[in-house]
Amino acid sequence: MTKRKYIDLFAGCGGLSLGLEKAGFELALAVEKSDMAAETFFHNFVERIADQGEWRSFCSYSTSVEQQAKRKLVVRELSAVLECKRLLQDLRDEGIDLVAGGPPCQGFSLAGRRNPDDVRNKLPWQFLELVEAVQPKTVLIENVSGMSQDFRKHGKSSPFNDLRIALSETGSGYLVQPL
């Protein structure tokens, strides 16, 4: 049986990837900007890290996004991956089954300041940009309940509805089922 291929965005240490792999998925690419979280991810899902100097070299900007992607983990912001059109085309040609991830939620969280202009609130849109470029069969976006609530004190609507509409219009369109 052929394993289904997935991309994990905002991968962190790999909690979502662990579940996906236990469900029979195979990692095609993970993207995580924190080198500390990425180190744990790499060690658990790619290969054991025996040499810290080699790891630091892998994470440095002297190692290109394409070189990192060959080892299935890009330690950069998602925007760096979006700039690599050849990599995106290669992923699309590979036939990705699932793009999954949990964009940072601090700007949406009910426990935070809920600033609609928080730069992190743009990350779900970058997530959709990658989905449009790669055109996976399925998309899974995990986030906090605050994403579906209006920014009332700022007079701005909930970003979730806009994201839902955009995803349904991405590529050939996705059926969005919010839970």
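Guide: Welcome! A residue counts as exposed when its relative accessible area is over 50%, and as buried when that area is under 20%. Please keep in mind that this model is predicted.

Visitor: Why is Lys 137 called exposed?

Guide: Lys 137 has a relative accessible area of 60%. The cut-off for exposed is over 50%, so Lys 137 counts as exposed.

Visitor: And what makes Asp 97 buried or exposed?

Guide: The relative accessible area of Asp 97 is 13%. Buried means under 20%, so Asp 97 is buried.

Visitor: How do you know that Lys 137 forms a salt bridge with Asp 97?

Guide: Their closest N and O atoms are 2.8 Å apart. A salt bridge needs a side-chain nitrogen of Lys or Arg within 4 Å of a carboxyl oxygen of Asp or Glu, so this pair qualifies. Lys 137 lies in the loop between helix H7 and S5, and Asp 97 in the loop between H6 and strand S4, so the pair ties together parts that are 40 residues apart in sequence.

Visitor: Why are the side chains of Lys 5 and Glu 94 said to meet in a salt bridge?

Guide: Here the N to O distance is 3.6 Å. The limit is within 4 Å, so Lys 5 and Glu 94 make a salt bridge too. Strand S1 holds Lys 5 and helix H6 holds Glu 94, so parts 89 residues apart in sequence are tied together.

Visitor: What makes Lys 5 partly exposed?

Guide: Its relative accessibility is 25%.

Definitions and conventions. Residues numbered from 1 in each chain as written. Predicted model: local features only at pLDDT ≥ 70, side-chain atom pairs only at ≥ 80, totals over all residues. Heavy atoms only, no water. Helix = DSSP H or I, 4+ residues; strand = E, 2+ residues; numbered from the N terminus. Buried < 20%, exposed > 50% of the residue type's maximum accessible area, 1.4 Å probe, protein only.
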